[in-house]
Amino acid sequence: MKKKLFLSVATFAAVGAACFAAFNTNTQPREFSDLELANIEALTQGEGTPVEDCVASSSSTAEFGLFYRCDDRTTSGMLYPCKESKEYIQKGVITHCTKKLNPSITI
């Protein structure tokens, strides 16, 4: 009986110590080396997304033409991908959508 109790307490203490060590190891701030910082900076250079004009809403007095129709969720603060192809619609309120990059271009 004493042996089982001792093993239970020892096991509980060992698991508790392992959890404590794992928590303290994962919560310490990490220092990046100069090489890692240079790589991060190099990866973020030239970041951006090409945009295209799209029609957010049509006007009954505007001319017709081939335009991308904006995603219904597009706002002045959030852009969404352009539709697959342009549509022959009336020009109205013009905003932007994000163009898809050419998949044949490799960086």
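1. Cys54 and Cys70 are joined by a disulfide, with 1.8 Å from S to S. This pair ties together distant parts of the chain: Cys54 belongs to strand 1, while Cys70 sits in the loop between strand 2 and strand 3, 16 residues apart. The model is a predicted one, and the distances and angles in this note should be read as computed from it.

2. The torsion about the S-S bond of Cys54 and Cys70 is about 95°, so this disulfide is right-handed. Cys54 has a relative accessible area of 1% and is buried. Cys70, at 4%, is buried as well. The cut-off for buried is under 20% relative accessible area.

3. How many disulfides are there? The count comes to two. The other link joins Cys82 to Cys97, with 2.0 Å from S to S. Here too distant parts of the chain are connected: Cys82 lies in the loop between strand 2 and strand 3, and Cys97 lies in strand 4 (residues 92-98), 15 residues apart.

4. The link of Cys82 and Cys97 has 90° about the S-S bond and is right-handed. Cys82 counts as buried, with 8% relative accessibility. Cys97 also counts as buried, at 0%. When the bonded cysteines are counted along the chain, the disulfides follow the pattern 1-2, 3-4.

5. Next come the charged pairs. Side chains of opposite charge can pair when their charged atoms come close. The structure holds two salt bridges. In one of them Arg69 pairs with Glu87, and their closest N and O atoms are 3.0 Å apart.

6. Are Arg69 and Glu87 buried, partly exposed or exposed? Arg69 is partly exposed, with a relative accessible area of 31%. Glu87 counts as partly exposed too, at 29% relative accessibility.

7. The side chains of Asp71 and Arg73 also meet in a salt bridge, at 3.0 Å from N to O. Asp71 counts as buried, with 15% relative accessibility.

8. A word on confidence. The protein chain has an average pLDDT of 76, and 85% of the residues score at least 70.

Key
Residues numbered from 1 in each chain as written. Predicted model: local features only at pLDDT ≥ 70, side-chain atom pairs only at ≥ 80, totals over all residues. Heavy atoms only, no water. pLDDT = per-residue confidence, 0-100. Disulfide = S-S within 2.5 Å. Helix = DSSP H or I, 4+ residues; strand = E, 2+ residues; numbered from the N terminus. Buried < 20%, exposed > 50% of the residue type's maximum accessible area, 1.4 Å probe, protein only. Salt bridge = Lys/Arg side-chain N within 4 Å of Asp/Glu carboxyl O.
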